[in-house]
Amino acid sequence: MSMKHIGSAITMSGKGQPSLASTSPTENGALMPLSLEKKTKAVARMLQVNDPNQVDKSLISSLESLTGYPVIENSRVLYKSHGIDIDIRGYSIKVDDEDVCDKAIEAVQSSLVPMPVDDIKKQLIVLSTLVVKPSGEGAADMSVRINSISNQLMEFPADIVNKAIQNVSQETTFWPAYAEFYKHIGWKVRRRLKLLEALTAKKLAFLQQKQ
C-alpha cells in the first residue's frame, strides 16, 4: 500500500477543528473568521496540489497580484546535520488599500486551514498498518496514540500535515513519535505565519488611521 493512498483518503467534513490563525479574530478586528465553505474549499485545494512548496509559491504570487507589489522575504539559510533549513524572519509587504489588505489576509488564512481531525486519524490508522507497532500494545493503546498525535497535527495546515504523514511513512519502520511528524511541519508553516503577521500589522495600521 503506498502513501499516495493515505494522502488521497481524505473526505472533508465540517468537524475539523479550526487553527488559531485561520479563524480567531483579534480583539481589534484585524482578523475575521473564514466561513465553513471557504475552509472546506481551501482544504480541497491544498490537498489537490499536495505540495506545500507549490502552495507557498502560489500564495506569494496571489499576494503580489492582489497588492501590485513584490513580496520581499527576509530569511537566511541554516546548514544543519539533516540538511538545509530556511529561517524565515519576516516579510515586507506593501499594501495601499484596506480592502486589498483584507483579501490578502484571507488568502493567507486559507493556506493555514487544518485538515479535519477525523481525516487525520484515518491517515494515521492506515499508517499503523505499514509500520511496526510498539510491542505488547493492543488496539486501545494504539487508539490513544493516534488520538494524541491527531490532536497535535490538527493545529497545522492540511497540505503540510498530509505531506508530513507521507514523508514519515517512507522514513520510519516503527510507530513514530510526534517529533518525527513535526520536523516536517514547523519550518514549513513558519512562512505562512510570517506572511499573516506582516499583513495583520498592515491591517492594524489601517484601523489606527480611522481612530
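Colleague: What makes Lys210 and Glu98 a salt bridge?

Modeller: The closest N and O atoms of Lys210 and Glu98 are 2.8 Å apart. A salt bridge needs a side-chain nitrogen of Lys or Arg within 4 Å of a carboxyl oxygen of Asp or Glu. The pair therefore qualifies. Lys210 lies in helix α10 and Glu98 in helix α5, so the bridge ties together parts 112 residues apart in sequence. Note that this is a predicted model, where local features need pLDDT of at least 70, side-chain atom pairs count only at pLDDT 80 or more, and totals for chains, interfaces and linings use all residues. Residues are numbered from 1 along each chain as its sequence is written, and side-chain values use heavy atoms, with hydrogens and water left out.

Colleague: Why is Lys210 called exposed?

Modeller: Its relative accessibility is 56%. Exposed means over 50% relative accessible area, buried means under 20%, and partly exposed lies in between, with a 1.4 Å probe and protein chains only. Lys210 is therefore exposed.

Colleague: And Glu98, buried or exposed?

Modeller: Buried, because Glu98 has 15% relative accessibility.

Colleague: Which other residue forms a salt bridge with Glu98?

Modeller: Lys203, with the closest N and O atoms 2.6 Å apart. Lys203 sits in helix α10 (residues 186–210) and Glu98 in helix α5 (residues 98–110), 105 residues apart. Lys203 is buried, because its relative accessible area is 6%.

Colleague: What makes Arg89 and Asp87 a salt bridge?

Modeller: The closest N and O atoms of Arg89 and Asp87 are 3.9 Å apart. That is within the cut-off, so the pair counts.

Colleague: How many salt bridges does the structure hold?

Modeller: The structure holds 15. Asp56, Glu73, Asp159, Arg191 and Arg192 are linked in a network of them.

Colleague: What counts as a helix or strand here?

Modeller: Both are DSSP runs, numbered from the N terminus: helices are H or I, at least four residues, and strands are E, at least two. The protein has ten helices and two strands. Along the sequence the pattern reads α-α-α-α-β-β-α-α-α-α-α-α.

Colleague: How much of the protein is buried?

Modeller: Buried residues make up 43% of the 211 residues.

Colleague: What share of the contacts join residues at least 24 apart?

Modeller: The share is 76%, among contacts between residues at least 6 apart in sequence. A contact means heavy atoms within 4.5 Å.
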